[in-house]
Amino acid sequence: MNDLLPDRSALWQYFEGKVQALTQRYGYAEIRTPIVEQTALFARSIGEVTDIVEKEMYTFEDRNGDSLTLRPEGTASCVRAAMEHGLLHNQTQRLWYQGPMFRHERPQKGRYRQFHQVGVEAFGLEGPDIDAEVILLSARLWRELGLSDHVTLELNSLGSSEARAAYRDKLVAYFEQHRDQLDEDSLRRLTSNPLRILDSKNPDMAPMLADAPKLMDHLDDASREHFEGLTALLQAAGIDYVINPRLVRGLDYYGRTVFEWTTTALGSQGTVCAGGRYDGLVEQLGGKPTPAVGFAMGIERLVLLLETLELVPDSALGELDLYVLPLDDVATTQAMLLAERIRSELPELRLQLHCGGGSFKSRIKKADKSGARLALLLGEDELEAGRATLKFLREEREQMSLDQGALIDILASMTASDERA
Ligand code: ATP
Ligand code: MG
């Protein structure tokens, strides 16, 4: 579990800001749920024999003896809340959420025990148009972040639960024939969750898995039609994809469309966004049958990707634009009033006022250390003349003496160049 320190919080805010604006533009409303739920909610939705429920959950008894769990993902909570508050009653809903998730995994780069996800969930719509829309939303996010050339969309269809059950029998039969090639994990999954074996990252098993029967070849007609509808929409929208017949996802509630956005730039933790359709989940949790589709993306991995590819814009570095520096105690009041005026007139500017006095030398030193690009100096001379001195802290450039009346316009022109829009 990580602390997010000041040197990186601006980057997180940049990412979160993009997500917030984007979900709004697509008409998704935010939902915030508690980070703990009854343990049974996750066991019933994610599935008893999934990695998450079998070995990754932070589960504890509270003082009443109730079994609670720190949420390992967001969809179950979202469905629980939507049902509880009647949001799914004869209506469609487009929701999004963001926040910490908890899984007791082996920590490594891109994999943590507390991590953060952004997710969207659309309820009450069964056609492939909404599947396409959530994918388009994520694709637009990649475009805005400059990531489009670095991520790949992988698609598969898991079919109906009947088609999946029939396929499962075929798959188990195939694996039984190749039992000697299965690793320990896969042998365990053979009875509990054989589809998950397809997802194995063990290179020794790769050739055997490549020849395994494909779910795509065993789809029911309705699921096939749905999938073809989706791919047609993606093609029309110019979204490239690859069909990955081994994409199965680690949670039980998925059916029909599943997808992942992956990258090769992060080593083995290459999935940055994953989702799909879960038409059976609402009913499974006691609600009316309600089709649903959504995705979750891991913020840590996306932030890491932006850093790795050096796609962090200056505005996401969190640096100050301006340090306002009274050169002596007499100038304190004037400097504070001037700083307030600048903040009113130029609300985009990141401005820090020097506080805490000090010698002339130490004040200049603090201005340098602030990381700001510009400093505005106010001393006795400046006060008398109604002027201020603009000093360039990170460029070889002659300082300028400015009339305080013209100050706002000059500051605006000097700081407008970056992409803080
Ligand atoms: P993986 O195969 O990498 O374990 P998953 O199938 O368990 O992923 P999901 O539950 O679908 O992942 O979560 C969606 C996204 O959340 C992942 O694609 C990833 O970006 C992120 N994520 C999942 N688990 C972690 C974790 N422990 N630490 C950081 N990010 C995570
Ligand atoms: Mg996992």
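Student: How many bridges join β2 to strand β4, and how do the two run?

Tutor: Two strands pair if DSSP finds at least two bridges between them, and strands themselves are DSSP runs (E, at least two residues), numbered from the N terminus. In this predicted model, 3 bridges join β2 to β4 (residues 67-70), and the two run antiparallel. Within this pair, V36 stands opposite L70 in β4.

Student: Before we go on, how should I read the numbering and the values?

Tutor: Residues are numbered from 1 along each chain as its sequence is written, while chains are lettered from A and ligands numbered from 1 in the order in which they are written. Because the model is predicted, local features need pLDDT of at least 70, side-chain atom pairs count only at pLDDT 80 or more, and totals for chains, interfaces and linings use all residues, while side-chain values use heavy atoms, with hydrogens and water left out.

Student: What is the order of the open sheet of 3 strands?

Tutor: The order is β2-β4-β3, with antiparallel pairing. The edge strands, β2 (36-38) and β3 (58-61), each pair on one side only.

Student: In what order do the 8 strands of the other open sheet stand?

Tutor: Their order is β1-β5-β6-β11-β10-β9-β7-β8, and the pairing is mixed. At the edges stand β1 (29-30) and β8 (242-243), each with a single partner strand, so one side of each is left without a neighbour in the sheet. Inside this order, β10 and β11 run antiparallel and are joined by 5 bridges, and G276 stands opposite G294 in β11.

Student: Which residues are the closest to ligand 1?

Tutor: A residue is near a molecule if one of its heavy atoms lies within 4 Å of it. Here 15 residues surround ligand 1, and the closest are R103, E105, R111, Q117 and R249. The strands β6 (114-123), β10 (271-277) and β11 (292-298) each supply at least two residues of this shell, and its largest share, 4 residues, comes from β10.
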